[in-house]
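This report describes selected features of one protein model, moving from the whole chain to single residues. Please keep the sequence and the structure in view while reading.

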Amino acid sequence: MLSISPIASSAGGAASYYLSEEKNLNLPDVSLEKAADAKEGETNYYLKEQSAEPNTQWFGKLAEQEGMLGKPVEEHQLKEVLAGSLNDQTLKTQNSNARNGFDFTFSAPKSVSLLALVGGDKRLMTAHDDAVKFALSHIEKDAAQARQTDPDTKATSFENTGNLLFAMVRHKTSREEDPQMHTHSLTANMTKDSEGTLRALASSFKQKGGIINGTGERVYNHQKYYTSLYQSALARSVEQAGYQTRSLGNNLFEVEGVPQSLLDTFSTRSQQINEQTQSLGLDSQAARDVAAKDTRKSKAYTSEATLFEQWKNKANNSGFNLTSFVTDSMSRETSLNALALKPAAIDAVSRAIEHASNTQNRFNYAKLVESATLEFTRGQKLDALDIKLALDKHIEDGALIPLDKESATFTSAAHIKAETNLLESIKPKTANMRQVVDTNTLQGKGLNADNQKKVSELFASTKQVNLVNVFGSSEQLATALLNVGEANGKRIHIITPDMKSKLHTSERVQRDSSTIGKWIMNHFKPDHTHTLSSFTKTANNTNRDILVVENANKLGLNDFNALLAQAKAGNSKVILLNHANAKQGMKAGNAIEVLKKGNVSESNWVATKQSNTAMRLHESKDSDRVNLIAKTYAQLPEKQHTQVIAGTHKDVKQLNSAIRAELQNQGDVSRLGLNIPTLNPVFLSAQQREVVGQYTKGMVLTQWQKVGGRNQQQQLTVDSVNRDNNTLTLIDKNGKASEINPSSKAFKAAEYAIAKPDNLHIANGDKLIMTTNHQDSGLSKQIYTINALSKEWVTLKDESGKQHSVKASALHHAPLNHGYATTPSNASPNASHHIVNIKAYSASKEWLHDTLTQGIKHIDIFTDKAQQFDDRLEKVR
């Protein structure tokens with residue numbers, strides 16, 4: 001396990017702290033030695049105490065260059081290094097507020113610590129040191145960076161230097177005096193650039209272009225990757241030593257055969273961190289690092305007896321003979337096998353690339369290794385080293401194409417092909433695209449003369465594909481295209497990426513109903529808005545049709561290829577509304593940039609209708625912000641059109657809990673209610689669906705089948721997951737068990753909907769969100785408020801004010817959650833007031849655009865640094 005923290009104290013204080021932490025601890029090294037009087041063929045071993053051997057050493061390319069490699073770390077030298085001096089050199093740029101460096105701490109699995117420190121297997125101590133060096137060498141190669149500023153242009157660039165200086169300090173105890181072998185890899189804030197100048201490590205507050213810059217930023221971003229490298233290297237050495245390992249998931253392992261009860265006995269510190277992490281409602285490694293700091297206390301040393309004696313007594317009292325276990329392993333010791341390319345690893349990497357291709361057109365090497373190792377291995381035992389070898393094979397074969405000289409980011413040959421196909425599809429000239437419109441139909445649309453001309457030019461364009469870069473809201477433009485087009489005999493189809501965009505567009509972009517005659521005629525016309533998927537499946541377009549694509553920036557390469565194929569089939573004109581300042585969509589490929597290279601007409605549109613959104617900033621500390629938002633929401637006199645927004649599902653869960661508790665305290669939500677079982681959708685890509693590691697016990701798979709001409713539902717519950725042969729054991733409603741491989745044709749053909757069970761407490765006054773349409777209750781996907789509740793019936797009011805009375809049992813297994821807070825993608829289109837929980841660094845022109853073009857009247861922003869947030873917004877307004 002790798003944990004990361006900055007070296008926060010002074011250079012002198014840090015040097016003294018790390019080197020003196022165990023100096024006074026009466027804890028000798030022990031090793032398992034063969035008895036001198038052992039007869040031939042006997043294996044009579046005993047534990048021998050030794051004087052403590054050196055536990056520190058210098059490592060890294062800088063250490064090698066300076067003649068320090070492998071030498072013990074002396075306190076005075078470490079102090080100088082952390083202060084920015086290396087022998088006779090000092091940092092070229094010295095910032096008094098700069099950090100001293102980073103502490104990258106690698107901790108061995110508990111079973112390895114016990115076998116090395118209590119069982120006396122010094123081979124494992126060496127294996128741990130070697131695994132730490134292996135991971136550090138990759139950190140050095142990947143993350144060592146210096147920041148360069150051009151003296152003339154003042155432009156900033158980042159140089160990958162490939163050299164770092166690590167002071168490795170190995171410790172043996174946790175803060176609860178349990179055996180815990182871990183190495184503090186103190187990484188000095190220095191590197192040498194290409195000219196040999198000693199520079200501070202680069203940092204980058206704002207990332208651009210899809211490449212992570214900054215040494216600390218890169219290591220934080222790839223923390224799981226470096227953890228997997230350490231764990232994989234260590235596990236191989238442990239197995240070479242004659243032990244077997246068992247996977248814990250997330251690329252972590254323990255030694256097979258060491259009882260869990262013994263591990264728990266010596267895991268006081270882990271239990272404290274787990275409890276603190278759970279109390280925070282988080283489960284990431286970053287959260288564990290925070291929890292470790294929150295629960296940290298100074299080491300206290302036992303004076304009555306040595307810790308080793310205490311450990312030995314604890315182990316003996318457990319009934320497990322560590323000495324015999326280590327002795328047995330020595331008879332099974334083998335030589336280390338060379339890495340060999342495994343078909344299963346090739347398969348896992350292929351799946352990881354296919355999965356990433358759904359949302360990305362550039363891939364990071366470390367993230368692909370993480371994904372393939374943690375998500376897409378199935379059956380055969382694989383580790384990060386197997387995956388790296390397979391990924392290198394993909395690169396060698398040309399399936400992945402490097403985008404930088406360090407080969408850290410890649411695109412795929414498939415993406416290159418998709419881009420080529422898109423450009424080829426718009427190459428040919430098309431006839432009958434020009435449409436001259438009656439200028440009278442441009443009047444009364446709220447357009448100035450310049451924008452009237454632009455609308456006219458879009459109709460008159462001879463190009464089939466027309467790209468409009470929209471700055472501000474597209475409402476005026478889309479409405480003008482709809483009504484001017486129909487007034488001139490064209491059929492206008494406004495196409496959106498998804499259902500939420502369709503609903504939002506339908507409300508904002510409407511046909512002219514200024515007279516009774518027009519209103520009646522509009523009533524008999526078909527809907528003018530469509531989702532892309534529904535349009536491409538059902539459309540029968542001709543040259544009379546014009547396809548106006550709203551939020552075209554959210555479509556991927558495959559979407560555009562499908563859309564343009566449809567347009568070409570009917571010889572229809574396409575007008576793409578690209579919101580230039582908005583976030584790009586989650587679909588793979590920056591299709592807009594590709595289209596700009598081809599046979600398209602490009603123009604700009606600046607909205608003249610200004611946003612009237614009122615925005616208020618509120619500053620509060622991270623620890624207080626959730627409760628402050630909850631109190632603010634609870635005190636609102638009118639909550640029906642207010643939506644609380646948070647960026648992550650964990651933040652949403654915390655906010656919903658806090659808001660509901662506040663509403664219960666003031667009597668707006670009853671404390672008495674019903675507990676109902678829910679089933680919330682789990683969305684997996686086609687590649688994820690085929691790997692059993694994505695499933696957990698209790699998940700429900702639902703299939704719809706035609707029986708006697710009627711749709712019938714079949715539900716199967718996951719009873720167990722077998723990673724060795726990639727199979728699931730499923731239980732039907734009658735308790736009958738069946739086994740299936742999720743990568744089989746039968747499983748794919750079933751097209752199961754996947755859901756995760758949970759329980760939800762609902763009460764009178766609660767706001768609920770139905771995340772998808774639910775057949776049993778007849779309720780559609782939207783937000784509801786409970787107006788009345790009994791054991792048998794629930795009365796809910798939807799967003800339009802309509803009442804729905806349903807049996808409480810009909811809500812069982814519905815996709816329900818509390819609906820006070822949600823993520824931006826699930827926000828109600830009917831909300832006119834948003835309360836937003838956001839960090840100051842997240843403010844951007846994309847965020848501002850997406851917020852101000854939704855027609856929200858009031859936005860209350862709760863952030864950690866109000867002035868910084870406002871300054872960032874001012875730069876992009």
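## Conventions and overall make-up

Helices (H or I, at least four residues) and strands (E, at least two) are DSSP runs, numbered from the N terminus. The model is a predicted one, in which local features need pLDDT of at least 70 and side-chain atom pairs count only at pLDDT 80 or more, whereas totals for chains, interfaces and linings use all residues. Residues are numbered from 1 along each chain as its sequence is written, and side-chain values use heavy atoms, with hydrogens and water left out.

The protein chain holds 29 helices and 40 strands. Of its 877 residues, 48% are buried, where buried means under 20% relative accessible area, exposed over 50% and partly exposed in between, with a 1.4 Å probe and protein chains only. Contact means heavy atoms within 4.5 Å; among contacts between residues at least 6 apart in sequence, 72% join residues at least 24 apart.

Helix H7 covers residues 223-240, and at 1.5 Å a residue its 18 residues should span 26 Å, which agrees with the 26 Å between its end C-alpha atoms; the expected span is 1.5 Å times one less than the number of residues. H7 is mostly covered, with 14 of its 18 residues buried. Just after H7, Gly242 takes a positive phi of about 105°.

H7 packs against helix H15 (residues 384-396) at an angle of about 115°, with the two axes 8 Å apart. Axes here are lines fitted to C-alpha atoms, for helices over the stretch in contact, and angles run from 0 to 180 degrees between N-to-C directions. That angle makes H7 roughly perpendicular to H15, given that angles under 35 degrees count as roughly parallel, over 145 as roughly antiparallel, 65 to 115 as roughly perpendicular and the rest as oblique. On the H7 side, Tyr225, Ser228, Leu229, Ser232, Ala233 and Arg236 meet Ala384, Leu385, Asp386 and Lys388 of H15. An α-helix has 3.6 residues a turn, so residues three or four places apart point the same way.

## Aromatic pairs

Searching the whole structure gives ten aromatic pairs. Rings of Phe, Tyr and Trp (its six-membered ring) pair if their centres lie within 6.5 Å, and planes under 30 degrees apart count as stacked, over 60 as edge-to-face and the rest as tilted. The ring centres of Tyr633 and Tyr820 are 6.0 Å apart and their planes stand at 75°, so this pair is edge-to-face. Because Tyr633 lies in helix H24 (residues 622-634) and Tyr820 in the loop between strand S37 (816-818) and S38, the pair ties together parts that are 187 residues apart in sequence. Both Tyr633 and Tyr820 are buried. Elsewhere, ring pairs link Tyr243, Phe320 and Phe325 into a cluster.

## Residues in strands

Thr822 belongs to strand S38 (residues 821-822) and counts as buried at 8% relative accessibility. Not counting residues up to four places away in sequence, Thr822 touches Gln643, Val644, Ile645, Ala646, Val652 and Ala827. Asn680, in strand S27 (residues 673-681), is buried with a relative accessible area of 13%, and its side chain reaches the backbone oxygen of Leu816 at 3.4 Å. Leu816 is also among the residues that Asn680 touches beyond four places in sequence, together with Ile754, Ala755, Lys756, Thr771, Pro815 and Asn817.

Met615, in strand S25 (residues 614-619), is partly exposed with a relative accessible area of 25%; the C-alpha atoms of Met615 and Ile861 are separated by 7.3 Å, although these residues are 246 residues apart along the chain. Glu739 lies in strand S31 (residues 737-740) and counts as exposed at 56% relative accessibility. Leaving aside neighbours within four places in sequence, Glu739 is in contact with Thr727, Leu728 and Thr729.

Most residues other than glycine have a negative phi, and most peptide bonds are trans. Asn571 has a positive phi near 55°; this residue sits in the loop between helix H22 (557-570) and strand S23 (573-579) and is partly exposed at 23% relative accessibility. Glu751 likewise has a positive phi, of about 50°, and is placed in the loop between helix H27 (745-750) and strand S32 (753-763), where Glu751 is exposed with a relative accessible area of 66%.

Definitions and conventions:
A polar contact is a pair of N or O atoms within 3.5 Å; within protein, one must be able to donate a hydrogen and the other to accept it, and residues adjacent in sequence count only if both atoms are side-chain atoms.
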